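Here are a few exercises to work through with the model open beside you. Try each task before reading its solution.

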Amino acid sequence: MKKSLLELYGLAVCFFTVACFVIVLGIAAWNLISIVAPGFTLGAHEWEKHQTDQNFRDSLLADHRYGPDKDTYRPPEGEALTTERERSYAMSIRSHAREALQSLIQNCIILGIDIVLFLIHWGIAARARQTSS
């Protein structure tokens with residue numbers, strides 16, 4: 001059962017498209033989880049800074065450490081700090097979910113291209129196998 005060069009080419013491309021498909025499918029699954037449960041997949045730093053008012057206050061001070069208002073900036077305190085922390089956390093969650101949706105759409109485009117390339121090259125390999133037999 002001797003294979004032609006064209007059949008080997010078609011099968012090699014199919015092999016790599018399957019590998020690409022598996023990798024992108026894993027990334028797409030993570031993005032889907034990020035859309036459904038963005039609080040779970042939010043980065044550790046972003047999550048940690050929103051857990052307590054003190055963490056959030058420290059983060060605000062760090063953000064303004066080198067700015068033009070470094071000597072005059074005073075973070076909110078008390079209830080205003082809690083409100084700002086909760087608002088910031090909600091915004092971080094929305095932003096994270098939106099980014100995951102954008103990435104999932106990119107993944108779907110890649111998967112679509114991958115499937116088309118696989119089908120074309122599977123056809124090439126099948127035709128080459130038929131003509132060589």
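**Exercise 1.** Work out whether Glu-7 is buried or exposed, and find its salt-bridge partner.

*Solution.* Start with the accessible area: Glu-7 has a relative value of 2%, so Glu-7 is buried. The cut-offs are under 20% for buried, over 50% for exposed, and partly exposed in between, with a 1.4 Å probe and protein chains only. Next, look for the partner: Glu-7 forms a salt bridge with Arg-129, and the closest N and O atoms are 2.8 Å apart. A salt bridge here is a side-chain nitrogen of Lys or Arg within 4 Å of a carboxyl oxygen of Asp or Glu. Then place the two residues: Glu-7 sits in helix 1 (residues 5–36) and Arg-129 in helix 5, 122 residues apart, so the pair links distant parts of the chain. Helices are DSSP runs (H or I, at least four residues) and strands likewise (E, at least two), numbered from the N terminus. Finally, Arg-129 is partly exposed at 31% relative accessibility.

A word on the source: this is a predicted model, in which local features need pLDDT of at least 70 and side-chain atom pairs count only at pLDDT 80 or more, while totals for chains, interfaces and linings use all residues. Residues are numbered from 1 along each chain as its sequence is written, and side-chain values use heavy atoms, with hydrogens and water left out.

**Exercise 2.** Which residue forms a salt bridge with Asp-53, and which forms one with Glu-84?

*Solution.* The structure holds four salt bridges. One of them joins Asp-53 to Arg-85, with closest N and O atoms 2.6 Å apart. This pair also links distant parts of the chain, Asp-53 being in helix 4 (residues 53–63) and Arg-85 in helix 5, 32 residues apart. Arg-85 is buried at 15% relative accessible area, whereas Asp-53 is partly exposed at 24%. For Glu-84 the partner is Arg-87, at 2.4 Å between the closest N and O atoms. Both lie in helix 5, three residues apart, about one turn of the helix.

**Exercise 3.** Classify the aromatic pairs Phe-15 with Phe-16 and Phe-118 with Trp-122.

*Solution.* Take the rule to begin with: rings of Phe, Tyr and Trp (its six-membered ring) pair if their centres lie within 6.5 Å, and planes under 30 degrees apart are stacked, over 60 edge-to-face, and the rest tilted. The structure holds three such pairs. Phe-15 and Phe-16 have centres 5.3 Å apart and planes at 75 degrees, an edge-to-face pair. Both of these residues are exposed. Phe-118 and Trp-122 have centres 5.7 Å apart and planes at 20 degrees, so this pair is stacked. They are four residues apart in helix 5, which means about one helical turn.

**Exercise 4.** How many helices and strands does the chain have, and how spread out is the chain?

*Solution.* Count the elements: five helices and zero strands. Now compare sizes: the radius of gyration is 25 Å, well over the 14 Å that the globule rule gives for 133 residues, so the chain is more spread out than a compact globule. The radius is taken over C-alpha atoms, and the rule is 2.2 Å times the number of residues to the power 0.38. To finish, the C-alpha atoms fill a box of roughly 80 × 30 × 20 Å along the principal axes, and 28% of the 133 residues count as buried.
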